[in-house]
Amino acid sequence: MHEIPFVYNFPFFCIILTMVGGVIMPFVRNGWLAQKINMAIIAIVGGLNVALLCTLLANGGESVTYMMGHFPAPFGNEIRFGPLEAIMAISFCLVMGMSILGGLKDIYHDIRPGKQNLYFLMINLLLCSLLALIYTNDMFTAYVFIEINTLVACAIVMSKDSGETIVATIRYLIMSLLGSGLFLMGLSMLYGITGHLLMVPLQDSIKEMVASGQYAIPLTVVVGLVSLGIAIKSALYPFHSWLPGAHGSATTSSSAILSGLVLKGYIILLIKMVYRVFTPEILAELQITNVLLVFGVAGMIMGSVKALKERHIKRMIAYSSVAQIGYIFMGIGLGSTVGIVASCFHILAHAFTKPMLFCSAGGLVDAAGHQYEFKKLRGTALKNPLAGIAFTIGSLSMIGIPLLAGFPPKLYFSTGAIQGNWFQLGVVLTALAVSTVLNALYYLPAVINMWTPKKSQETSHGDAHGDAHDAHGDAHGHADELAAVEEHEDEHEETHEKPRITVSFVVSMVIFIASNFALGIFYEPIINIIQQGVSVL
């Protein structure tokens with residue numbers, strides 16, 4: 001009997017460490033110190049997962065089951081990890097750390113000093129729940145951490161402490177609890193017909209039921225409830241109504257973490273369930289994959305249509321997330337290994353790109369004097385060039401320009417569609433083309449607007465105002481007065497001092513930009529790791 005490497009204890013250590021970090025945060029009254037402790041925990045957890053991934057790859061990309069406590073299956077609690085779980089955990093730690101640094105100035109601006117330590121407490125618990133969703137091999141444990149994830153996510157939205165965030169949090173909580181309730185109903189029915197909660201024994205029981213023809217209708221209902229619950233919690237169209245308000249009104253770091261990580265934790269759990277519980281073959285037989293494909297394609301199109309109509313920069317980015325979630329569900333709906341691999345890579349691409357967009361948008365909003373409307377953001381990239389460059393790169397990545405992170409997933413989605421049937425090929429390729437065009441239609445004007453100097457706009461406005469005054473005279477005196485006020489406001493904004501660009505913001509944007517190019521250029525080794533991980537799920 002060979003000795004188990006000590007490194008295989010690291011996933012358990014990571015969960016415990018983040019829990020302990022959450023426990024000690026209330027006693028750290030200083031927000032600055034709480035942030036340093038939080039960043040240290042994130043760095044340690046990320047380092048442990050790097051060591052774990054290296055060990056797993058050195059041992060042939062194996063998958064390891066780790067028993068929690070002294071009770072074996074089917075009664076005990078287990079975590080299970082392979083290359084896929086390790087690379088997701090590493091990415092989540094890096095993205096969370098950079099999201100905090102990128103929005104650190106806004107954290108200290110938006111959150112009261114007495115509550116800043118509590119914000120970092122929630123960040124610790126959020127990382128804990130995300131790691132548990134990545135690692136768990138037990139369905140009920142997954143449900144417990146889904147609930148923790150929901151409550152903590154609501155807390156970081158509400159941390160900005162304004163009327164708008166409270167309303168958005170209530171909507172978020174109602175929709176999230178609806179999703180959790182559906183998931184729990186499905187899980188209860190599944191336990192009732194199988195008697196198991198661990199994933200592998202569940203899969204064995206389900207295969208036996210399908211082979212014997214027993215519980216065919218209850219099993220279909222179970223899969224539908226569980227999938228619908230996760231779809232609601234991950235903001236798949238048309239269950240996305242809570243997302244723009246929550247992401248658009250929260251402080252910058254919260255928006256980045258919610259969009260980049262929280263939504264993805266639920267989807268990673270769904271992918272694990274596809275392989276470890278229901279199997280792709282059974283889902284295809286029950287027509288669940290086709291349903292996910294159709295909803296995913298609808299999300300790709302409608303999320304972009306909603307973003308195209310939006311004039312609030314953070315809400316536009318939030319609607320873009322709805323479209324990107326559609327991409328991931330479309331890949332799962334292909335029902336093939338290539339589709340799942342493409343979805344997993346898109347999780348990484350979106351996790352690194354969307355927080356960069358939110359954080360850079362925060363820098364641009366700061367340059368505009370905390371104005372979020374596009375017309376107020378004109379020329380802000382000239383005041384904060386690094387934020388403008390990061391937003392431009394993130395936008396091009398979301399469009400799918402080669403050499404950036406958003407391009408490889410579209411390539412693999414197309415490959416998965418070609419390997420499928422004619423229905424999948426036609427639907428997926430059409431959706432990819434339409435979604436790409438729509439992405440360009442709302443991202444490129446936003447980029448052009450922020451790089452366009454504001455002086456030219458003011459000059460043309462002044463000329464038009466003068467012509468109107470000569471033509472109509474004193475009859476429009478009141479309108480002239482309003483125009484003068486607006487002109488004065490524009491001049492005030494133009495003379496607004498350039499924002500103070502912090503070192504933390506620079507570090508965050510540089511790492512996000514480098515990561516985006518790394519994912520877009522050196523994607524093959526990452527795809528290989530994901531393929532190894534999917535093969536041993």
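Modeller: Residues P11, C14, I15, T18, M19, G21 and G22 of α1 meet L121, N124, L125, L127, C128, L131, A132 and Y135 of α5, where contact means heavy atoms within 4.5 Å. The helices are DSSP runs (H or I, at least four residues), numbered from the N terminus. This is a predicted model, in which local features need pLDDT of at least 70 and side-chain atom pairs count only at pLDDT 80 or more, while totals for chains, interfaces and linings use all residues. Residues are numbered from 1 along each chain as its sequence is written, and side-chain values use heavy atoms, with hydrogens and water left out.

Biologist: Why is α1 called roughly antiparallel to α5?

Modeller: Helix α1 (residues 10–24) and helix α5 (residues 116–135) pack at an angle of about 160 degrees, with axes 8 Å apart. Axes are lines fitted to C-alpha atoms over the stretch in contact, and angles run from 0 to 180 degrees between N-to-C directions. An angle over 145 counts as roughly antiparallel (under 35 is roughly parallel, 65 to 115 roughly perpendicular, the rest oblique), so α1 is roughly antiparallel to α5. Their crossing is left-handed, a term for a near helix turned anticlockwise from the far one by less than a right angle (clockwise is right-handed).

Biologist: What makes up the contact of α1 with α5, by class?

Modeller: It has 11 nonpolar, four polar and no charged residues. Here Ala, Val, Leu, Ile, Met, Phe, Trp, Tyr, Cys and Pro count as nonpolar, Asp, Glu, Lys and Arg as charged, and the others, Gly among them, as polar.

Biologist: How do you know that α14 is roughly antiparallel to α19?

Modeller: Helix α14 (residues 313–333) and helix α19 (residues 422–451) pack at about 160 degrees, with their axes 12 Å apart. That angle therefore makes α14 roughly antiparallel to α19. The crossing of α14 and α19 is left-handed, and their contact divides into nine nonpolar, seven polar and no charged residues.

Biologist: Which residues lie nearest the centre of the largest cavity?

Modeller: They are G102, K105, G363, D366 and F505, in a lining of 17 residues. A cavity is a set of points on a 1 Å grid over the protein atoms alone where a 1.4 Å probe fits but cannot get out, and lining residues have an atom within 4 Å of a point. About 120 Å³ of space lies in the largest cavity. Helix α15 gives the most to its lining, with four residues.

Definitions and conventions
1 Å grid on protein atoms, 1.4 Å probe; cavity = no way out; pocket = protein on both sides within 12 Å on 5 of 7 lines; lining within 4 Å. Points joined across faces, edges and corners; volume = space filled by probe spheres on them. Helix = DSSP H or I, 4+ residues; strand = E, 2+ residues; numbered from the N terminus.
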